[in-house]
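Visitor: I am new to this structure and would like a close look at one part of it. Could you take me slowly through the sheet and the helices around it?

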Amino acid sequence: MDKKNDLRKANRNSSILLFVILIGFCILAIIEILYGQAQTRMEQERLALEEENRQAVQELQAERNNLQGDPGVGVEFPEKMNGEQISGTEPEKTLTDAKDTSSDSVAGQDAESGEPAEDDSKYAMQIVVMGDSIMADQRENNQDVATLIGEACNAKVYNMSIGGTTAALMPNEPCNFASWSSTGLLGVVNAIVGNINPGVFDGYDTEKILRECDFSKTDYFVIEYGINDFLSRQVPQSIYLDNGDVLGIDNTYTYAGAMEVAVDALERSFPDAKILIVPPHYCQFYEGTAYVGDSYSLNYGYGTLVEFFGCARYVADRYREDGTIFFDSMEDSNIDAYTADKYLEDGTHLTTLGRRVYADEIAKRINRDFYREE
């Protein structure tokens, strides 16, 4: 009899213990749910606060613009002086004709759409971006790096970037203006200054920008190239070799040479504008799923990506006294071997977070220069 009572007590105690354990699990689940809801509310409040701060900054910048008139569009660059064409600024006829068609539209309306023209006075500055897919990716969603830079700088941005392009001319691309075919950096720059027919960019957003943008109002030209030059395996860093020899090719077929030619052409045509050079950032390279190296180790025969980065720094240093700015993408972009998984989606292109961080860092340099104390 005592054994039966003991067994009943043991079963009852086991049931009570199981019940207590179940209650404990329920309490933990409730706590976890409440904690998750609290975290969600905190994140929503943080995002709302960031949006309020962004709007407040834009309102302050707009108020500053109203007080100062129109500080961001720069100084008008005259096409002629005393009836003479200024050297280095002779316009290409197709460009001029395209711009002249706007006079046939209704005043205050866009020439093509007939919609009200955008009020540029709300912007603090004008930025023209030239680059590859690093700047062009997600343009259709207004989440490209160039657009994000514009938001952070309260700037009107013209994104002329084209994915897959290089700074240098490729071996099969002529450097003769009459037979020009390249849509890379030198193509964009030569079209801007009127050396080539903008029809080369037919089908690209760049062609529309060439017809619509008044480049003389540009405060900053942003030049971002280099990764495709490196990946092409056909672009030397420079015509100058380490052993003292000189390559027997035109300077425009090298990365450093093309960057230098582009900066020089923009400096001559738009002396009031600043140029910001954005060299290649840290990358990791794969063949299929196999890792083959990174910016510091992989060499396809013309040097590592870090060495291409060094060429961009060299060009920036040459034009530093003219106001050229250099963004140290290897050190200041926050992208390295430790953060690559977070900021790079395929070892090269930027993730959503990567684009935001990258754009913010570039915008800091522009804002710091634009609003620097006299």
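Predicted model: local features only at pLDDT ≥ 70, side-chain atom pairs only at ≥ 80, totals over all residues.

**The sheet and its helices**

Guide: One of the residues involved is Tyr220, whose bridge partner in β6 is Lys274. These two strands belong to an open sheet of five strands, which pair in parallel and follow the order β4-β3-β5-β6-β9. At its edges lie β4 (155-159) and β9 (325-326), each of which pairs on one side only.

Helices also pack on this sheet. Helix α4 (residues 145-153) touches β3 (125-131) and β4, and its direction makes about 170 degrees with that of β4. Helix α12 (residues 352-370), which likewise packs on the sheet, touches β3, β5, β6 and β9, with a direction that makes about 155 degrees with that of β6.

A contact between two helices can be followed as well. The axes of helix α8 (residues 255-269) and helix α9 (residues 305-318) come within 9 Å and cross at roughly 30 degrees; because angles under 35 degrees count as roughly parallel, α8 and α9 are described as roughly parallel to each other. The crossing in which α8 passes α9 is right-handed. On the side of α8, the contact is made by Tyr255, Ala256, Met259, Glu260 and Val263, while α9 contributes Phe308, Cys311, Ala312, Val315 and Arg318.

Definitions and conventions: Residues numbered from 1 in each chain as written. Heavy atoms only, no water. Axes fitted to C-alpha atoms, helices over the stretch in contact; angles between N-to-C directions. Helix = DSSP H or I, 4+ residues; strand = E, 2+ residues; numbered from the N terminus. Parallel < 35°, antiparallel > 145°, perpendicular 65-115°, else oblique. Left-handed = near helix turned anticlockwise from the far one by under 90°. Contact = heavy atoms within 4.5 Å. Pairing = 2+ DSSP bridges.
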